[in-house]
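Here are a few exercises to work through with the model open beside you. Try each task on your own before reading the solution.

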Amino acid sequence: MASVTYTAPPTIARFMTSAAFGRLIAGPVGSGKTTGCIAELFRRACEQAPGPDGFRHTRFAVVRQTLKQLKDTVLKDILDWLKDAATYKVSDNTVYVNVGDVRSEWLLIPLDDPDDQRRLLSMQLTGAWMSECIEMDYDIVAPLSGRCGRFPKEGATWSGIIADTNMPTEGTPWHAHMVNTPADWQVFVQPGGLEPNAENLEWLNQSPETRLLPISHEDRIDRGREYYRRNARNPNPDWVRRYVHAQFGNDPSGTAVFRESFKRSFHCVKGLEPVQQKMLIIGQDFGRDPCSVIVQLDHKGRLLVLEEVIAEDIGLEMHVERSLRPALFDNRYLGRGIAVIGDPAGNAKSSIYEETTFDVMKRMGFHAVPAPTNDIDARLRAVEAFLLGQRDGGPAMLIDEDRCPTVVQALGGGYRFAKTRNGVRKPLPDKNEYSHIVDALQYACLAAHGGMQGFLGRMMQRRVGPTGPRVRAGGWT
């Protein structure tokens, strides 16, 4: 019997073992994404439960923008990997995988032909593979999802959509899909080709001589690395960002504010815990969509971005009572001093009440002071000082990616400068769904980077209660 031996690189392995209905893997050119998708469909075909006739029946749509792309790349790779098990029938544009008790149909569907599009959206499928998905209209995802899980009629052991791609351009629907991933999808991004942990180097760009070397031999790895070094010399920097470094391309309609300083693989971690005997700083943005960011400056001078607390269309007092205070009551924060650094505009008194926003925070029991400035350049420099800095060879800012998803999305491209119709970049970042949380982070960074720790510590020596400073009983005599 024919057999296929495949060892998945780390990111592709996580992609293959995910239980999400939709899975997208993105990475640099040559990183093994296509091969991983072929192995995944073949594995799912082999795992399908036998039907009444004893055979494991599956039907997959393999979708790409044009038929030529399908035949020149995807089809050749399928037949190369499954050569002893697969046959291609030109009249059907279908690969038939017949090995042992596996009976699987892989239908090659281009999207440049309206007839093929209509055929795709009327099929009964087990699943689908969207090859180089960013070349396709994003609107195809929803109707394609509705065709999966409908074959075989006895029920599919697995059904869903897999997709592979190079990195999209910021501002496109696929960029939005990767940044704000739907609940039933999961996105996996491989390291860039020049990263120390780049994947598939041992198989990429190999010569007959290096193929004879052991898989982990440094000459074999360096041969694969040379492929990316050569491509990095491409004169188009945006192409290099996407296809070599596995980063989002620049949005022609705007520019991500922290595109050169934030790197998710470097700055983001899971399970970040606060340190003992260090105060918590809360960056606070006010308004009808109040946002809080809980940070801490540790003993190494690193800024730990521990948690985001976001509200929509409510007032500050309700935000504090419903969201911020319960978050701070978590056991991980107990016993630490807390200081709030907020938008200086909160010093303005209400037109109805003789009370500022900072008065409200103090009345609710928080040590609250305005940030030293509201100048946007100073705020951005404070954030970038931590993003670009290093401590002991590691990042000067660590972000808990599970507790701060909006912060991560904002720094990764959601927070951006807009451009005018003439293509001139505007001097201020856009006010969008990410600006409030980044404003809060900026105020916290101003305090942490600007040396306000001593001042905040002295301020916290004054005990503040729900109705203001507590006065000793002897003060009344």
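**Exercise 1. The chain as a whole**

What is the accessible surface of the chain, and what percentage of it belongs to carbon and sulfur atoms? Then collect the overall figures for the chain.

Solution. Keep in mind that this is a predicted model.

- Step 1: The accessible surface comes to about 22700 Å², and carbon and sulfur atoms contribute 51% of it.
- Step 2: Of the 477 residues in the chain, 50% count as buried.
- Step 3: Along the principal axes, the C-alpha atoms fill a box of roughly 100 × 50 × 50 Å.
- Step 4: The secondary structure comes to 15 helices and 22 strands.
- Step 5: Among contacts in the chain with a separation of 6 or more, 67% are between residues 24 or more positions apart.

**Exercise 2. Helices α1 and α2**

Describe how α1 packs with α2, and list the residues that make the contact.

- Step 1: Helix α1 covers residues 10-17 and helix α2 covers residues 33-47; their axes are 10 Å apart, at an angle of about 30 degrees.
- Step 2: Angles under 35 degrees count as roughly parallel, and α1 and α2 are therefore roughly parallel to each other.
- Step 3: The crossing of α1 past α2 is right-handed.
- Step 4: On the α1 side the contact uses I12, F15, M16 and T17, while α2 supplies K33, G36, C37, A39, E40, R43 and R44.
- Step 5: Sorted by class, these residues are five nonpolar, two polar and four charged.

**Exercise 3. Helices α13 and α14**

Is α13 mostly covered or mostly uncovered? Once you have decided, work out how α13 meets α14.

Solution. 

- Step 1: Helix α13, residues 405-414, is mostly covered, with eight of its ten residues buried.
- Step 2: The buried residues of α13 are T406, V407, V408, Q409, A410, L411, G413 and G414.
- Step 3: Helix α14 spans residues 435-449; the axes of α13 and α14 come within 9 Å and cross at roughly 95 degrees.
- Step 4: The range from 65 to 115 degrees counts as roughly perpendicular, so α13 and α14 are roughly perpendicular to each other.
- Step 5: In this contact, T406, V407, A410 and L411 of α13 meet I437, V438 and L441 of α14.
- Step 6: The contact of α13 with α14 divides into six nonpolar residues, one polar and no charged.

**Exercise 4. Backbone details in the loops**

Which two residues does a cis peptide bond join? Next, examine the backbone at E132 and at N200.

Solution. 

- Step 1: The cis peptide bond joins F151 and P152, with omega at about -5 degrees.
- Step 2: P152 is in the loop between α5 (141-145) and β7 (160-165).
- Step 3: E132 is not a glycine, yet its phi is positive, about 50 degrees.
- Step 4: E132 is found in the loop between β6 (127-131) and α5.
- Step 5: Buried means under 20% relative accessible area; E132, with a relative accessible area of 12%, is buried.
- Step 6: N200, also not a glycine, has a positive phi of about 75 degrees.
- Step 7: The loop that holds N200 runs between β8 (185-189) and α7 (218-231).
- Step 8: At 17% relative accessibility, N200 counts as buried.

Note on methods. Residues numbered from 1 in each chain as written. Predicted model: local features only at pLDDT ≥ 70, side-chain atom pairs only at ≥ 80, totals over all residues. Heavy atoms only, no water. Axes fitted to C-alpha atoms, helices over the stretch in contact; angles between N-to-C directions. Helix = DSSP H or I, 4+ residues; strand = E, 2+ residues; numbered from the N terminus. Parallel < 35°, antiparallel > 145°, perpendicular 65-115°, else oblique. Left-handed = near helix turned anticlockwise from the far one by under 90°. Contact = heavy atoms within 4.5 Å. Nonpolar A, V, L, I, M, F, W, Y, C, P; charged D, E, K, R; others polar. Buried < 20%, exposed > 50% of the residue type's maximum accessible area, 1.4 Å probe, protein only. Areas by Shrake-Rupley, 256 points an atom, 1.4 Å probe, with all protein chains shown as cover.
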